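Biologist: I've got a model open on my screen and I'd like to talk it through. Could you walk me through it, one piece at a time?

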Amino acid sequence: MNHSILNGKRGIIFGALDQESIAWKTAEAVYAAGGKFVLTNAPVALRMGTINDLGEKTQAPVIPADATKMEDLERLVDQAQDHLGGKLDFVLHSIGMSVNVRKGKHYTDLNHDWMAKGWDVSAVSFHKLMQVLYQKDAMNVWGSILALSYIAAQRTFPNYNDMADNKAYLESIARSFGYFFGKHKKVRVNTISQSPTLTTAGKGVEGLDGFLNYAEKTAPLGNASAEDCANYSVMMFSDYTRKVTLQNLFHDGGFSNVGVSEEIIEALEDSK
Ligand SMILES: NC(=O)c1ccc[n+]([C@@H]2O[C@H](COP(=O)([O-])OP(=O)(O)OC[C@H]3O[C@@H](n4cnc5c(N)ncnc54)[C@H](O)[C@@H]3O)[C@@H](O)[C@H]2O)c1
C-alpha cells in the first residue's frame, strides 16, 4: 500500500524493538507513505534490539530515550525538531511493559512496586510525553498523537494481568490530554485498540496462542496483524482523519462487537 499520504509530514515513532514490533511495521508503512521521522526506544532496548537496521532502511536517526524520564523526553523532542527541521505532525507511543507479567506474578498476588513501574512505563509515560510536546509547543496544528491499547481495558481477560489496568489508564489519559490538545493546539489524540499480535510484548502474556486463536475465530474479519495496524496508523496520521479525536479505535476485525461466533459454538459443542 503506497499512497504517499504522509508526504511532508514529520514525527517521532516510539517502541520499535525488532521486526515483529508494531512500531517497526508502522515505521516502514509511514516511510512508504512519504513521512519522515526519528526513531526512539529505551537505552536498554537499543542494546538488545535491531533498531539501527530499521533506521538505515527508513533514513531515520535513532535517539535513545527512556519514556518515563522527563529529561530524556525533553531532549528527544528538541533533537527530533532540529533533525526534521520543524514542528511535528505525528507521534506514535507504542510502549508497554509489566514486570508482574514478565515475572509470572498472578493478579491476586501482585508486587505493587512492580505494578507501579509497569503503570509508569505503559500509561504515565504517555502523559509525560504529551506534557513535553504541549509545553514545548512541538506539534503542528492538525497533528496526530496515537498510543496503542488492548480491549482488556474494557473487558476482563484474566491473563492480561495488571496490563489491563495500565491500558484503562492509558485510554483515559488520551481523552483527558486530548481535550486540551484539541482545544488549544488543534491536535488530535487517540488510542488504537489492536488485536492480540505475536510480538515480544505480546508473547509475554500467558496463553497467548489461546488468546490469538479465540480472537481469530471470534472476529468476522479475523485478527488484525501488525501490518494492518501500521496501515491504520498511517491513516490516523494523515489529513483524512483531522476531526477524529478522544477516541479509542477498535482495530480488531470486529472482535469487540461479537458476542459469540459460530466457530466457537461449534468448538464447544464438539468438546461435550
Ligand atoms: N502484541 C499485542 O498483542 C498487542 C495488542 C494490543 C496492544 N499492544 C500494544 O502495542 C504496543 C507495542 O507493543 P508490541 O506488541 O509491538 O511489542 P514490543 O515488545 O515490540 O514493543 C514494546 C516496546 O516498548 C518499549 N519500552 C519498554 N519500556 C520502555 C521505556 N521505559 N521507554 C521507552 N520504550 C520502552 C520496548 O523497548 C519495546 O520496543 C504496546 O503498547 C502494547 O501494549 C500490543
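Biologist: Let's begin with H10: which elements cover its buried residues?

Modeller: First, this is a predicted model, where local features need pLDDT of at least 70, side-chain atom pairs count only at pLDDT 80 or more, and totals for chains, interfaces and linings use all residues. Residues are numbered from 1 along each chain as its sequence is written. Helices (H or I, at least four residues) and strands (E, at least two) are DSSP runs, numbered from the N terminus. The cover over the buried residues of H10 includes E1, H1, E4, E5, strand E6 (188-194) and E7.

Biologist: And which residues of H10 are buried?

Modeller: Buried is a neighbour count: 20 or more other C-beta atoms within 10 Å of the residue's own, with exposed at 12 or fewer, partly exposed in between, and C-beta atoms placed from the backbone. By that count, the buried ones in H10 are Ala-226, Asp-228, Cys-229, Ala-230, Ser-233, Val-234, Met-236 and Phe-237.

Biologist: Okay, E7 came up. Is His-251 in that strand buried or exposed?

Modeller: His-251 lies in strand E7, residues 248-251. Contact here puts two C-beta atoms, placed from the backbone, within 7 Å. Leaving aside neighbours within four places in sequence, His-251 is in contact with Ile-192, Ser-193, Gln-194, Ala-224, Cys-229 and Tyr-232. Because 20 other C-beta atoms lie within 10 Å, His-251 is buried.

Biologist: What about Arg-10: how far is its C-alpha from that of Phe-237?

Modeller: Arg-10 is found in strand E1 and counts as buried, with 21 C-beta neighbours inside 10 Å. Not counting residues up to four places away in sequence, Arg-10 touches Lys-36, Phe-37, Leu-84, Gly-86, Leu-88 and Asp-89. Arg-10 and Phe-237 are 227 residues apart in sequence, yet C-alpha to C-alpha they are separated by 9.9 Å.

Biologist: Which element gives the largest share of the shell around the ligand?

Modeller: The shell has 27 residues, the closest being Ser-21, Ala-45, Gly-96, Ala-201 and Gly-202; a residue is near if its C-beta atom, placed from the backbone, lies within 6 Å. Helix H1 (22-32), strand E5 (139-149) and helix H8 (200-203) each supply at least two residues. The largest share, 3 residues, comes from H8.

Biologist: Last one: what radius of gyration does the protein chain have?

Modeller: The chain has 11 helices and 7 strands, and buried residues make up 44% of its 272 residues. The radius is taken over C-alpha atoms, and the globule rule is 2.2 Å times the number of residues to the power 0.38. A compact globule with 272 residues would come out near 19 Å, which agrees with the chain's 18 Å.
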